[in-house]
Amino acid sequence: MTQPVVFVTRKLHFNAAHRLFNPSFSNEKNDEIFGKCNNANGHGHNYEIEVTVSGQIDPETGYVIDLKVLKDIVDRLIVEECDHRHLNFDVPWLKGINPTAENLVVAFWNRLAGSFKQGKLHVIRLYETERNYVEYFG
Ligand code: NI
């Protein structure tokens with residue numbers, strides 16, 4: 001019998017620094033486009049990441065995915081790698097990426113995709129501030 005499909009979300013937190021700039025732009029153009037975000041030594045954010053997995057409810061456990069499992073995967077692959085780091089320099093799999101929220105959420109998707117045995121990755125929402133967030137559905 002087909003089970004209902006439910007969306008399960010875990011929210012996690014990390015602090016990180018970044019600098020937004022495009023090395024192919026002049027200094028003037030980087031300042032014009034990125035403003036304060038182009039500060040040479042970077043600046044910090046309190047990031048929130050929400051990862052949603054969808055799937056049919058397992059009739060035996062009542063779960064789509066054990067939230068502890070979801071938390072551990074995001075912790076290990078994203079939070080432990082990015083927390084208290086400078087995203088332009090310290091995270092090998094972000095090298096060469098201009099770390100806007102848009103580029104980060106796609107990189108996080110590529111890193112998480114394929115990690116779930118239960119359910120499947122549906123959306124990642126990345127908050128750069130309380131009011132600004134981006135979403136990627138893969
Ligand atoms: Ni920023």
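## A buried histidine, a nickel site and a sheet

Histidine 18 counts as buried, because its relative accessibility is 1% and the cut-off for buried is under 20%. The model is predicted.

**The nickel site.** His18, His43 and His45 are the protein donors of the nickel ion, each through NE2, at 2.0 to 2.1 Å. Along the chain the donors follow the spacing H-x24-H-x1-H. Histidine 18 sits in strand β1 and histidine 45 in strand β2, so this pair ties together parts 27 residues apart in sequence. Histidine 45 is buried too, with a relative accessible area of 14%.

**The sheet.** Five strands form an open sheet in the order β3-β1-β2-β4-β5, and the pairing is mixed. β3 (85-86) and β5 are the edge strands, each pairing on one side only. Four bridges join β4 and β5 in the antiparallel sense. Isoleucine 124 has tyrosine 136, in β5, as its bridge partner.

| Helix | Strands touched | Angle between directions |
|---|---|---|
| α2 | β1, β2 and β3 | about 20° with β1 |
| α3 | β1, β2, β4 and β5 | about 150° with β4 |

**Helix α3.** This helix covers residues 101-112, twelve in number. Its first and last C-alpha atoms are 16 Å apart, close to the 16 Å expected at 1.5 Å a residue. Which residues of α3 are buried? They are Ala101, Leu104, Val105, Ala107, Phe108, Trp109 and Leu112. Their cover includes β1 (5-18), β2 (43-56), α2 (67-82), β4 (120-127) and β5 (133-136). Glycine 114 follows α3, with a positive phi near 90°.

Technical notes:
Residues numbered from 1 in each chain as written. Predicted model: local features only at pLDDT ≥ 70, side-chain atom pairs only at ≥ 80, totals over all residues. Heavy atoms only, no water. Helix = DSSP H or I, 4+ residues; strand = E, 2+ residues; numbered from the N terminus. Expected span 1.5 Å × (residues − 1). Buried < 20%, exposed > 50% of the residue type's maximum accessible area, 1.4 Å probe, protein only. Contact = heavy atoms within 4.5 Å. Donors = N, O, S within 2.8 Å, 3.2 Å for Na, K, Ca; no water. Pairing = 2+ DSSP bridges. Axes fitted to C-alpha atoms, helices over the stretch in contact; angles between N-to-C directions.
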